[in-house]
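Thanks for coming. I'll talk through one structure today, taking the sheet, then the helices, then the ligand site. Here it is.

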Amino acid sequence: MSTDLHELPVTNVEPALVCGKQEDEYEVVYHKPATMVDTAMHYCPGCAHSLVHKLIMEVVEELDIQDKTVGVAPVGCSVFAYDYMDIDMSEAAHGRACAVATGIKRLMPEKYVFTYQGDGDLAAIGIAETLHAINRGENILIVFMNNAVYGMTSGQMAPTTLPGMHTTTSPDGRDVSFYGAPIKVSELMANLPGAFFVTRQAVNNPNAVRRTKKALLNAFKYQQLHKGTCIVEIIGNCPSNWKMTPVEAAKFIDEEMVKTFPLGDIKIPAAEDLKIF
Ligand SMILES: Cc1ncc(C[n+]2csc(CCOP(=O)(O)OP(=O)(O)O)c2C)c(N)n1
Ligand code: SF4
Ligand SMILES: [Mg+2]
């Protein structure tokens with residue numbers, strides 16, 4: 001049978017009358033936030049970065065703070081985050097995002113300032129800048145994407161790599177007696193007095209996505225309080241470097257990642273600190 005397009009039957013269903021409803025009778029339940037640049041992304045299928053970009057931009061749209069938000073992009077797979085989020089953004093050298101964000105927020109305290117950093121960026125090379133910024137209680141939000149590997153550079157072991165996890169630099173699995181245990185960075189950060197709100201979330205299923213969005217929404221709102229640093233860690237799917245399908249990667253988070261990195265709030269603000277809400 002020929003597959004020539006010209007021979008295919010032409011449908012005569014008017015889009016405006018699908019299911020017997022006029023277009024304006026439908027309730028819009030989902031739209032791409034207008035705060036995102038309308039372009040294709042470079043991320044692999046099933047990658048968490050694209051989803052988290054969208055969640056951040058949904059929050060920015062809902063809070064109507066597009067012209068008041070400044071992001072700081074890292075080095076890593078999300079290095080081009082500024083190509084996708086339609087806000088003012090600055091690039092930072094590897095690991096230095098919190099230092100750059102400190103300068104931006106101190107010069108423009110009325111802005112909502114966030115960093116977007118992977119685990120290689122934040123927990124390895126940038127751990128010093130990150131801990132000192134939180135210890136100073138900088139009024140910034142840190143979005144910490146923990147996918148347990150250096151994604152961009154082909155999956156080397158990161159400080160957050162799970163015990164026994166195979167990476168390009170731990171081909172026999174991470175041996176904790178040799179490399180040390182994975183660092184629970186959010187628990188470490190929460191111990192610093194400047195940390196105001198610390199939570200660990202994921203985006204591997206619809207409920208997790210909703211909880212992550214709520215955490216991001218709260219963290220952006222808390223910046224109005226000037227009470228310290230907010231940290232939203234997100235366990236990110238990296239199917240390409242985990243050598244899994246997107247579905248297997250989503251399962252791996254529930255079955256393996258959460259054993260080392262349990263999801264949930266790690267430090268929440270005291271009720272008296274939230275009086276204005
Ligand atoms: C000072 C410095 N060291 C190392 C690199 C190489 N490098 C670029 S991205 C990257 C890994 C980033 O991994 P991560 O922050 O976890 O982000 P992901 O790609 O996993 O999202 C590395 C090691 C670099 N660019 N600069
Ligand atoms: S390598 Fe991993 S973190 Fe990087 S874009 Fe692909 S899935 Fe995402
Ligand atoms: Mg990573």
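One definition before I start: two strands pair if DSSP finds at least two bridges between them. By that rule, β1, residues 69-73, and β2 pair in the parallel sense, over four bridges. One of the residues involved is Ala73, whose bridge partner in β2 is Glu91. Keep in mind that this is a predicted model.

Now the whole sheet. It is open and has seven strands, in the order β2-β1-β3-β4-β8-β7-β9, with mixed pairing. Which strands stand at the edges? They are β2, at 88-91, and β9, at 264-267; each has a single partner strand, so one side of each is left without a neighbour in the sheet. From one strand to the next, the twist averages 20°.

On to the helices. α1, residues 48-62, packs on the sheet and touches β1, β4 (141-146) and β8 (229-235). The direction of α1 makes about 160° with that of β4. α2, residues 97-107, lies across β1, β2, β3 and β4. Relative to β3, which is 112-118, α2 runs at about 175°.

Last, the ligand. Ligand 1 is surrounded by 19 residues, and the closest are Gly76, Gly118, Gly120, Asp121 and Gly151. Which element gives the most to that shell? That is α3, with four residues. Both α3, at 119-125, and β5, at 149-150, supply at least two residues each. By residue class, the shell divides into nine nonpolar, eight polar and two charged.

That's what I have; I'll take questions.

Key:
Residues are numbered from 1 along each chain as its sequence is written. Chains are lettered from A and ligands numbered from 1 in the order in which they are written. This is a predicted model: local features need pLDDT of at least 70, side-chain atom pairs count only at pLDDT 80 or more; totals for chains, interfaces and linings use all residues. Axes are lines fitted to C-alpha atoms, for helices over the stretch in contact, and angles run from 0 to 180 degrees between N-to-C directions. Two residues are in contact if their C-beta atoms, placed from the backbone, lie within 7 Å. A residue is near a molecule or strand if its C-beta atom, placed from the backbone, lies within 6 Å of it. Ala, Val, Leu, Ile, Met, Phe, Trp, Tyr, Cys and Pro count as nonpolar, Asp, Glu, Lys and Arg as charged, and the others, Gly among them, as polar.
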